[in-house]
Amino acid sequence: MSVTRTAAGAPPGGWTADSRQLSWTRSDWGLLLAASALCGIGALLVWSATRHVDGAGYLVRHLINTAIGVTLAVLVIRTDSRIIRALAPWVYLGAVLGLVLVLSPLGSTINGSRSWIQVPGFSIQPAELAKVALCVGLAMILAERGERAAPPPRADVWLAVVIAGVPILLVLAQPDLGSALVLVMLTLGVVAVSGASRWWLMSAAALMAAGVFAAVRTDLLDPYQRARLTAFADPGADPTGIGYQVQQVKIAIGSGGWTGQGLFSGRQTQGGFIPFQQTDFVFSVAGEEFGFIGALIVVALLGLVVVRGILIARRAQDSFGRLVAVGVVGWFLFQILENLGMNLGLMPVTGLPLPFVSYGGSSMFACWIAIGLLENVHLVSLRRLY
């Protein structure tokens with residue numbers, strides 16, 4: 001199928017319907033299939049971890065969340081990149097408004113963190129939308145000079161730091177240290193790739209690190225959050241709370257061996273010894289019931305998502321698309337490493353879900369929107385190459 005430009009009457013960007021059809025056939029299928037496979041595996045893990053509590057209820061909701069997420073990704077893929085860029089400020093304002101509402105009487109506290117807004121039938125976690133908002137918002141601010149192969153001026157870098165600082169502080173106030181750290185790492189990645197000088201990058205990192213340090217050293221964090229950090233250093237310090245949970249997760253993963261105990265046969269999982277296993281600790285189900293080999297497959301698929309994102313960022317033909325892709329990669333990479341690390345006892349428990357695998361509607365929606373953004377950048381690059 002040939003790709004041709006048109007003159008008068010051409011679609012936005014000067015490309016024919018044949019061009020758009022070709023773009024769909026040239027999607028990054030490795031990225032799409034890896035994310036879909038993770039959702040499928042996640043459905044099995046969530047079902048196994050919750051069937052003794054709610055039958056197939058969590059499984060059905062997980063599949064519905066996945067279907068909605070995929071639909072959102074398709075909408076993002078089919079949206080002109082110029083429209084995405086124009087909507088970036090509104091997405092950011094919507095995310096900030098959601099974070100403010102969380103701290104109002106409309107917010108709900110779950111598992112020690114005031115991070116949700118309850119609406120009839122489901123709950124929304126605005127911190128997940130904030131990740132998407134920073135990906136497009138920071139890219140919009142820092143891409144202007146990048147289109148002319150020039151580093152961003154100081155004013156733009158400081159504006160980016162302020163723009164990122166608002167949602168980070170609001171998330172810390174919930175308190176949700178894990179999501180705040182994701183936003184910090186996402187911001188540092190975008191600022192670094194934008195071409196900003198090392199001095200400005202170090203300054204931004206110092207400011208953000210100071211905010212996180214202040215949250216840890218002051219009374220900003222809830223006692224439940226502090227217990228999570230303490231349990232990392234000494235699991236025995238909270239033997240009936242988070243320390244117990246961490247110990248049970250280690251037992252579950254360690255008992256899986258090479259091939260696991262079999263689906264629906266894990267002693268720790270089926271015995272209900274790990275609270276909220278379907279969210280923060282869903283990886284422990286893979287380790288116990290699918291063993292080292294099954295867990296390695298999950299890690300490989302997660303790695304494939306990150307690698308495809310890096311390749312999309314490298315091949316991006318415009319600065320905005322490259323920075324959006326870098327933001328998504330920074331978000332996914334840190335969140336994956338943190339979740340796997342806390343399952344393995346290598347990182348403190350921060351309540352971050354495993355992308356595409358853990359149960360949770362807001363996280364699933366945000367992750368699939370991020371996949372849509374990566375595919376959008378990929379397809380725009382293909383059009384410009386042709």
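Phenylalanine 276 is found in the loop between α11 (267–270) and α12, where helices (H or I, at least four residues) and strands (E, at least two) are DSSP runs numbered from the N terminus. This is a predicted model, in which local features need pLDDT of at least 70 and side-chain atom pairs count only at pLDDT 80 or more, while totals for chains, interfaces and linings use all residues. Residues are numbered from 1 along each chain as its sequence is written, and side-chain values use heavy atoms, with hydrogens and water left out. The secondary structure of the protein chain comes to 14 helices and three strands.

- Most residues other than glycine have a negative phi.
- Phenylalanine 276 has a positive phi, near 50°, and its relative accessible area of 45% makes it partly exposed, given that buried means under 20% relative accessible area, exposed over 50% and partly exposed in between (1.4 Å probe, protein chains only).
- Phenylalanine 356, placed in the loop between α13 and α14, also has a positive phi, of about 70°, but with a relative accessible area of 2% phenylalanine 356 is buried.

**The nonpolar core**

- Of the 386 residues of the protein chain, 51% count as buried.
- A nonpolar core is a set of buried Ala, Val, Leu, Ile, Met, Phe, Trp, Tyr and Cys residues joined through side-chain atoms within 4.5 Å; the largest one has 97 residues, of which Trp331, Phe332, Phe356, Trp368 and Ile371 touch the most other members.
- Helix α13 (residues 319–343) gives this core its largest share, 13 residues.
- Contact means heavy atoms within 4.5 Å, and isoleucine 371, leaving aside its neighbours within four places in sequence, is in contact with Leu31, Leu32, Ala35, Val305, Phe332 and Phe356.
- Among contacts in the protein chain between residues at least 6 apart in sequence, 70% join residues at least 24 apart.

**Helix α13 and its partners**

- Two packed helices are described by the angle between their axes and the distance between the axes; the axes are lines fitted to C-alpha atoms, for helices over the stretch in contact, and angles run from 0 to 180 degrees between N-to-C directions.
- Helix α12 (residues 282–315) packs with α13 at an angle of about 165°, with their axes 9 Å apart, and the two are therefore roughly antiparallel to each other, a term for angles over 145 degrees, as against under 35 for roughly parallel, 65 to 115 for roughly perpendicular and the rest for oblique.
- The residues of the contact of α12 with α13 divide into 15 nonpolar, four polar and one charged, where Ala, Val, Leu, Ile, Met, Phe, Trp, Tyr, Cys and Pro count as nonpolar, Asp, Glu, Lys and Arg as charged, and the others, Gly among them, as polar.
- The axes of α7 and α13 come within 8 Å and cross at roughly 145°, and this contact has 10 nonpolar, three polar and one charged residues.

**Two buried positions in helices**

- Valine 182 lies in helix α7 (residues 177–193) and counts as buried at 0% relative accessibility.
- Beyond its neighbours within four places in sequence, valine 182 is in contact with Lys131, Trp331, Phe334, Gln335 and Leu352, and its C-alpha atom is separated by 8.0 Å from that of glycine 330, 148 residues apart along the chain.
- Serine 381, found in helix α14 (residues 361–385), counts as buried at 4% relative accessibility, and, leaving aside its neighbours within four places in sequence, serine 381 is in contact with Arg315, Ala316 and Gln317.
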